[in-house]
Amino acid sequence: MMLLKTALEAKKQVQKDKKAGFRIGLVPTMGALHQGHISLVQASKEQCDRTYVSIFVNPAQFNDKKDLDAYPVDLESDLKLLEAHGVDAVFIPTVEDIYPEDHPFPKIDLNGLDKILEGEMRPGHFDGVAKVVYRFFEIMTPDVAFFGQKDFQQTVVIRHMTDLFNLPTEIVICPTLREPSGLAMSSRNIRLSEYDRSRAGFLYKTLLKLKEDINYIALEEAVGKAKNYLRNLPGVKIEYFAPVNGRNMEIVHDLSQDYIVCVAVIQFGGIRMLDNIVLKK
Ligand code: AMP
């Protein structure tokens with residue numbers, strides 16, 4: 001497995017692979033890798049000839065400095081895991097390499113996606129996400145890039161950004177990998193106590209129950225029931241819990257649209273837990 005430490009090295013290696021006719025897959029990550037990340041690697045290995053993984057804790061997407069400082073880092077174990085899963089190259093750039101002082105970045109108009117739901121809770125977050133993904137695509141020009149459904153609004157932002165600039169990279173969204181309890185795997189889960197982690201599957205179970213309930217009762221009633229249930233659990237604070245149009249994240253009030261996802265973020269056990277379920281597609 002190759003280690004690429006600068007943008008120039010990464011660019012050159014990709015160009016070499018492309019010249020050889022290889023289809024390039026990129027899995028962008030912030031490290032502290034788990035099986036959820038590995039599922040993206042596996043999807044890339046199935047669909048591409050060369051799989052590149054980037055590890056970069058992107059300061060531009062953290063609106064809270066404390067969250068950035070507390071973000072878990074374990075490069076040694078990440079590299080072992082990636083090597084064991086047959087990754088071809090890992091790109092580990094520095095902040096200066098991704099954001100050189102004189103580098104021209106275009107203005108990325110997110111059309112309001114950055115102001116609602118996750119964007120409202122974390123001002124500036126999606127600007128940082130769009131900017132870093134733009135820069136990775138600029139350096140590596142992957143044929144395909146893989147993202148997780150777990151960060152649903154992020155996938156909508158990235159699709160919007162690639163459409164906006166007409167970028168040639170195909171975006172593939174992979175299903176959310178879960179712990180046996182149903183808890184969506186996340187690098188932040190290690191901050192949960194063992195006890196909290198064992199019972200943290202309630203968020204996904206609530207989403208599954210919502211999906212069942214909408215067969216019998218109106219969407220808004222079912223969402224109200226789910227929110228009440230969560231609100232009454234000890235130690236749970238809801239940040240948002242909302243059924244949205246899966247293409248533009250606009251809140252929906254009934255099931256008349258063709259693609260509906262319920263997105264949810266709660267605080268529990270000292271961390272933000274993020275999840276979603278497709279209600280209709
Ligand atoms: P992160 O390192 O948290 O920025 O995540 C890197 C990529 O892995 C993003 O596209 C995430 O959506 C994806 N990802 C994170 N957790 C999971 C999971 N449990 N299942 C599938 N993909 C995930």
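Helix α2 (35-47) makes the greatest contribution to the shell around the ligand, with three residues; helices (H or I, at least four residues) and strands (E, at least two) are DSSP runs, numbered from the N terminus. The model is predicted, with local features requiring pLDDT of at least 70 and side-chain atom pairs counted only at pLDDT 80 or more, whereas totals for chains, interfaces and linings use all residues. Residues are numbered from 1 along each chain as its sequence is written, and side-chain values use heavy atoms, with hydrogens and water left out.

The ligand has 17 residues around it, of which M30, G148, D151, L177 and M185 come nearest; a residue is near a molecule if one of its heavy atoms lies within 4 Å of it. By class, the shell comprises eight nonpolar, seven polar and two charged residues. In this scheme Ala, Val, Leu, Ile, Met, Phe, Trp, Tyr, Cys and Pro count as nonpolar, Asp, Glu, Lys and Arg as charged, and the others, Gly among them, as polar.

An oxygen atom of the ligand lies 2.9 Å from a polar backbone atom of M30, and an oxygen atom of the ligand is 2.9 Å from an N or O atom in the side chain of H37. For M185, a backbone N or O atom is 2.9 Å from a nitrogen atom of the ligand. Of the 490 Å² that the ligand exposes when taken alone, the protein buries 94%, with accessible areas derived by the Shrake-Rupley method with a 1.4 Å probe. Two or more residues of the shell come from each of β2 (24-29), α2 (35-47) and β5 (144-148).

In helix α7 (residues 125-140) lies R135, which counts as buried because its relative accessibility is 8%; buried means under 20% relative accessible area, exposed over 50%, and partly exposed in between (1.4 Å probe, protein chains only). The side chains of R135 and E138 are joined by a polar contact of 2.8 Å. Apart from neighbours within four places in sequence, R135 is in contact (heavy atoms within 4.5 Å) with A7, D97, I98, P100, H103 and F105.

Most residues other than glycine have a negative phi. L117, in the loop between α5 (95-98) and α6 (118-121), has a positive phi of about 50° and is buried, at 9% relative accessibility. T141, in the loop between α7 and β5, has a positive phi of about 35° and is partly exposed, at 35% relative accessibility.

Conventions:
Polar contact = N/O pair within 3.5 Å; in protein donor to acceptor, adjacent residues only side chain to side chain.
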